[in-house]
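I opened this entry to keep track of what I looked up. The notes follow in the order in which I made them.

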Amino acid sequence: SILADQIAAGEVVERPASVVKELVENSIDAKSTEIDITVENSGLKLIKVVDDGNGIDSSQVKTAFLRHATSKITEQRDLFRVRTLGFRGEALPSISSVSNVLMKTSTGSIGTQIEYKGGKLVEQKAAESRKGTTVEVRSLFYNTPARLKYLSSPNTELAKISDIVNRLALSHPEVAFSFISNGRELLRTSGRGDLRQVLGAIYGVKTVAKLAPISAEGMDINVAGFVSLPELTRSSRNYISLILNGRFIRNYPLTKAVIEGYGSKLMIGRFPIAVVKVDIDPALIDVNVHPTKQEVRISDEPEIGKLIVGAIKQMLSDKQL
Ligand code: ADP
Ligand code: MG
């Protein structure tokens, strides 16, 4: 029901940045190589995501907007080996219940255009379209004034969108991203799989010159990434990005492990810039803890923490720092 979708939207679609996250995750799951994101007025007027992924077959488009309709999981045991970013089937129905959504999608043959307003189907028709999917979200939260009121200033909301886009680009250097806000390009990545290039696009070349690669391997665990030399620090932990099996996560013990790797080389209250990618067997993670999927349970957390600490210590000693 529309009411159930609006309730779910309260959990999944907290703010414009959550819409961007869910749409781009869908584009990544659809194996896109290029994802172009446009926002106007911090996403409240428009959020547009264009991808060149698999698209949705015309017979499945309406289903995609149904609650708990996911094409990504078919059996219960799939829940314990999730490889896609999405799997709960909540994003499209939630977003469309609190906005006006226009989707154009094609698997390569004849495409489909579908429009929803406040969760109600407005129109579905055949439409010419290249392979891929375009989603336009307009008038976000127009029918939930309380949610609108609770949003921060336009600049803060835009910063949150930018932060999400940056983290998605860091998680997927193999995808070419562009991000345009009110006609201004805020990010462009090459899609050539080069994490250093993505870091350069986000933080600038001067900063990237002060980042060093790290890596470590354990039993079924692979740790890799870039961390700053101790001379380059920030006053907040927010510049530490953790990416677990291609999904950026919030995880306090692993964030602490990054800091611990520096030992006494960080001044009190200073934190490194870091992008740490951890790849492990999906069976060892439970991503179904929270609707936004940013919190996960990891069975091998202490082991991963040790590998991170070791990789950073190794880098520092290699550089005789
Ligand atoms: P979930 O991602 O959890 O499966 P969503 O509500 O985000 O649920 O999406 C529902 C379904 O719509 C997906 O399972 C997928 O089949 C389809 N879908 C959504 N966005 C795209 C896209 N950009 N490209 C291809 N398929 C998509
Ligand atoms: Mg999804």
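This is a predicted model: local features need pLDDT of at least 70, side-chain atom pairs count only at pLDDT 80 or more; totals for chains, interfaces and linings use all residues.

**Aromatic pairs**

Side-chain values use heavy atoms, without hydrogens and water, residues are numbered from 1 along each chain as its sequence is written, and chains are lettered from A and ligands numbered from 1 in the order in which they are written.

I looked up how many aromatic pairs the structure holds, and the number is 2. Rings of Phe, Tyr and Trp (its six-membered ring) pair if their centres lie within 6.5 Å; planes under 30 degrees apart count as stacked, over 60 as edge-to-face and the rest as tilted. The Phe 65 and Tyr 116 pair is stacked, because the ring centres are 4.3 Å apart and the planes are at 25°. Phe 65 is in the loop between helix H3 (61–64) and helix H4 (91–97), and Tyr 116 is in strand E4 (residues 111–117), so the pair ties together parts 51 residues apart in sequence. Helices (H or I, at least four residues) and strands (E, at least two) are DSSP runs, numbered from the N terminus.

Tyr 203 and Tyr 239 form a tilted pair, with 6.3 Å centre to centre and 50° between the planes. Tyr 203 belongs to helix H7 (residues 195–203) and Tyr 239 to the loop between strand E11 (233–234) and strand E12 (240–244), 36 residues apart.

**Charges over rings**

I found the charged end of Arg 234 over the ring of Tyr 239, 5.3 Å from its centre. Lys 117 lies over the face of Tyr 142, at 5.1 Å from the ring centre. The test asks for NZ of Lys or CZ of Arg within 6 Å of the ring centre and within 35 degrees of the ring normal.

**Ala 209**

I placed Ala 209 in the loop between helix H8 (205–208) and strand E9 (211–218). Ala 209 is exposed, because its relative accessible area is 60%. From Ala 209 to Phe 248 I noted 39 residues in sequence and 24 Å in space, C-alpha to C-alpha.

Definitions and conventions:
Buried means under 20% relative accessible area, exposed over 50%, partly exposed in between (1.4 Å probe, protein chains only).
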